[in-house]
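Please look over the sequence and the structure below, and then follow the explanation with the structure in view.

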Amino acid sequence: MVVTSSNPHNKEIVVRKRIASIFNKREEDFPSLKEYNDYLEEVEDMTFNLIDGIDVPAIEAKIAKYQEENAEQIMINRARKAEELAAALAASKGHPAQNDTDAALSQGSQAGFGTGTQGQYAPTVAGQPRPTGMGPQPLPLGGGHDMHGYAVDDEEMMKLRAERGGRAGGWSLEISRKRALEEAFSSIWVS
C-alpha cells in the first residue's frame with residue numbers, strides 16, 4: 001500500500017497506524033526484553049523506510065508475509081486491545097467492565113467485603129495495573145456554593161481576584177498605560 005499525501009505528517013500518521021495494527025506484539029509475547037526490543041527496532045526501521053519511501057516494495061512484501069504467517073496472533077492482539085479499550089472506557093464512565101475474574105472478586109465487594117477499594121488499582125491476570133473506577137466524590141455544600149462545591153464570589157471578590165491574578169502574571173494597569181503611550185508616541189517620532 002503506497003500512501004501519497006501532500007502533508008508529510010498525515011502520511012506518517014497513516015503509515016504508523018497501519019504498521020501498529022499489524023505488528024502489534026507486546027513485551028509479554030517475547031521470552032526476553034532483548035528480543036522484544038529487537039522486534040520494536042525492526043518495526044521502527046520498516047516504518048521509517050516506508051515513510052521516507054526507501055525500498056517500499058521489499059517492505060510491503062515483508063509486511064504481507066508477516067500478516068499471512070501471523071494472522072491469528074494479529075487478530076488475538078487486536079481483540080485484546082479492543083477489550084482493554086472497552087474496559088477503560090467503561091471504567092472512565094464509572095461502570096467498570098467485568099470479566100469472569102472480576103465478577104468473582106466483586107461478589108464480596110457487593111456485600112461490603114471487597115478486597116479492592118474503588119478508585120485504586122487492582123491486579124489483573126497478566127499482572128498489569130488497571131483503574132477500577134472513580135473514587136468517592138465530595139458532596140457539594142449548600143448555600144453560597146455552585147454545583148461543583150466552589151464558593152460563589154460576589155462582585156467585589158471577583159474584581160479582587162482579577163487584579164491579583166493580573167499582578168501574579170506580571171501585568172498591572174500602570175504597565176498597560178505605559179505601553180499604550182509608548183506605542184502611540186513611537187509611531188509619531190519615527191526617524
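How many aromatic pairs does the count come to? In this predicted model, the count comes to four aromatic pairs. One of them joins Phe 23 and Tyr 39, whose ring centres are 6.5 Å apart and whose planes stand at 50°, so this pair is tilted. Because Phe 23 lies in the loop between H1 and H2 while Tyr 39 belongs to helix H2, the pair ties together parts that are 16 residues apart in sequence. Phe 23 and Tyr 39 are both buried. Tyr 39 also pairs with Phe 30, with the ring centres 5.0 Å apart and the planes at 45°, so that pair is tilted as well. Phe 30, like Tyr 39, is buried. Taken together, Phe 23, Phe 30, Tyr 36, Tyr 39 and Tyr 66 form one aromatic cluster.

In soluble globular proteins, nonpolar side chains tend to be buried together. The largest nonpolar core of this model has 16 residues, and those with the most contacts inside it are Ile 19, Ile 22, Phe 23, Tyr 39, Leu 50, Ile 63 and Tyr 66. Helix H1 (8-22), helix H2 (33-52) and helix H3 (56-69) are the elements that give two or more residues to this core, and H2 gives the most, with six residues.

Helix H1 can be followed in more detail. At 1.5 Å a residue, its 15 residues should span 21 Å, and because the end C-alpha atoms of H1 are 21 Å apart, the model agrees with that expectation. The buried residues of H1 are Lys 11, Val 15, Arg 18, Ile 19 and Ile 22. They cover an arc of only 95° around the axis, which puts them on the same side of H1. On the other side of H1, His 9 and Lys 17 are exposed. The cover over the buried residues of H1 includes H2, H3 and helix H4 (71-92).

Side chains of opposite charge can pair when their charged atoms come close. The structure holds 10 salt bridges, and one of them joins Glu 44 to Arg 16, with the closest N and O atoms 2.9 Å apart. This pair links distant parts of the chain, since Glu 44 is in helix H2 and Arg 16 in helix H1, 28 residues apart. Glu 44 is partly exposed, with a relative accessible area of 35%, and Arg 16 is partly exposed too, with a relative accessible area of 31%. Glu 12, Arg 16 and Glu 44 are linked in a network of salt bridges.

Another salt bridge is formed by Arg 18 and Glu 60, whose closest N and O atoms are 2.7 Å apart. Because Arg 18 lies in helix H1 and Glu 60 in helix H3, this pair ties together parts that are 42 residues apart in sequence. Are Arg 18 and Glu 60 buried or exposed? Both Arg 18 and Glu 60 are buried.

Because Lys 65 and Glu 69 are four residues apart in helix H3, about one helical turn separates them. Lys 65 counts as exposed at 52% relative accessibility, and Glu 69 is exposed with a relative accessible area of 55%.

Key. Residues numbered from 1 in each chain as written. Predicted model: local features only at pLDDT ≥ 70, side-chain atom pairs only at ≥ 80, totals over all residues. Heavy atoms only, no water. Core = buried A, V, L, I, M, F, W, Y, C linked by side-chain atoms within 4.5 Å. Buried < 20%, exposed > 50% of the residue type's maximum accessible area, 1.4 Å probe, protein only. Expected span 1.5 Å × (residues − 1). Arc of directions from axis to C-beta. Contact = heavy atoms within 4.5 Å. Phe/Tyr/Trp six-rings, centres within 6.5 Å; stacked < 30°, edge-to-face > 60°. Salt bridge = Lys/Arg side-chain N within 4 Å of Asp/Glu carboxyl O.
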